[in-house]
Amino acid sequence: MKTLLVIACYCMLTSSLAQQAPDFSINTDGKSVLRIQYQSNSRVRPLFTYTHKVLPYGNNQRRDSDSIPLGSGEKFIHFQVATPQRALLTIANRGSVIYLLPNDTLTLVIDLSPATTWGSYHFYGKGAAITQYYFDQARSLTRIPERTRALLANHTATLPQYAQRMDSLLQVEQQFLKNYLTQHTLPDWFVEQEQQQILYNDATYRANAVLYRRFIKMDSIDAVPKDFFAFVTPSLLNNQSAAHLADYQSFINNYFWHIYHQQKPANQSFKFFPALADKQLSGLAWEVFMARYIGQLLADAPTEGESLLKHYYPTFRHKLWLDSLTAYYENAYTLKPGQLAPKFALEDNRDSLTYLNEFRGNVIYVSFWFTGCAPCRQEMPFENELVTYFAGKPVKIVNICVNSTREDWAKVSNLYKLQTVNLFANKAWATTLISKYNVRAYPHYVLIDQAGKVVKNNCARPSGEAKREIEALLQ
């Protein structure tokens, strides 16, 4: 009786806490824990988790080499979360979204015996009811909505057809939430947030589809219907209450890239984006976007990032974000100048293995990229220009494709007629190289000298000062 009373009190406390709106202020040092209590596991099952952290930019956590051991026990997964947010959890490719809160533990109790289905699971903690909603949604719709949206861009013939199918999916997802609330109770604050989350997940995939089709399917700018972005209203674009949502920030970034390519501005994106943000965004929406954008430049183009940081620092109310960004990127790239570059043996486009040691005696300029990365593809013509410029000189321009399929790697390579040493990293090699080269954002460039030692990890882009930095080593 005493035990039952304790459990009842715990459940009442959890329910009470869940009804209270959590603190959505952004703390770049926030942490959350997922505890998995598994029973009767008859085989080793792959475990996958992914979080898209709003700040700092590029600090997403992807664990795809984990597993649930045999038998019964506990497994703890620690996440860095800047604010209450969604994450992805699958066990043996089955699962859905989980809801994480800073300084909290979400517990999953799951029976994995052969006699039970995967549906034999229970969640406990402040985010339990919300997580249950996401799992019920995935089971009802047969797939997590964002996965369906990602597939639609590739499997729909035209953007008008894509927009129609996206409209249908949006209605299905909104109707599911409405029906769910007739039978279940969810916190009012979450219902309001989820309504925005659904809209911004839809919006970010629509904007990304335009970029994807332009750089992968090679659509022209004219292929975008004039009314395709009619859903983008000033209130959707400049939304203070959604500033902490990763999907909102992704939507803004993708939409700005569309405007950039549509207008073909004379200035570079690192000048165009801040000017566009100054015009289109305000308040917290502006601050989070600019903090992410400055962080992106600190990772991808440090010179430009430091210039923007210096210019905008006095404007920020939340200067702690910028301070933590600076500290994060100073410590992020632990592969320091003078260290031997980590070795690799990777497949090339002739089905042969290529080794880093083969290039000893050359200046080596390495690019890490993946096929879904629009900024990576934008640099490819400039990479080809480097190959032409340094022809006949002891310089090797090396592309390493990670986190992609061989088919997509070959497709993108052919589309851009890559002249570089073009290499593919399988899952095992990708995990190793991303770790050893401290790859935090894409594209990621590394400059290596003739002795095989790192000159600079996270160096200049081909469209930037790469040519000058390579020439300096030749001299």
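Begin by selecting helix α15 (residues 466-474), whose buried residues are Ala466, Glu469 and Ile470 (buried: under 20% relative accessible area with a 1.4 Å probe, protein chains only; helices: DSSP runs of H or I, at least four residues, and strands: runs of E, at least two, numbered from the N terminus). Viewed down the axis of α15, these buried residues fall within an arc of 95°, so they line one face of the helix (the arc is that of the directions from the helix axis to the C-beta atoms). The model is predicted: local features need pLDDT of at least 70 and side-chain atom pairs pLDDT 80 or more, while totals for chains, interfaces and linings use all residues. Residues are numbered from 1 along each chain as its sequence is written, and side-chain values use heavy atoms, without hydrogens or water.

Next, display the open sheet of four strands, ordered β3-β2-β5-β6 with antiparallel pairing (strands pair if DSSP finds at least two bridges between them). At its edges stand β3 and β6 (94-100), each with a single partner strand, so one side of each is left without a neighbour in the sheet. Strand β2 (residues 45-51) is joined to β3 by six bridges; Leu47 stands opposite Asp66 in β3.

Finally, select Gln61 in strand β3 (residues 61-68). Gln61 is buried, at a relative accessible area of 19%. Among the residues that Gln61 touches, not counting those up to four places away in sequence, are Thr49, Tyr50 and His78 (contact: heavy atoms within 4.5 Å).

Notes: Buried < 20%, exposed > 50% of the residue type's maximum accessible area, 1.4 Å probe, protein only.
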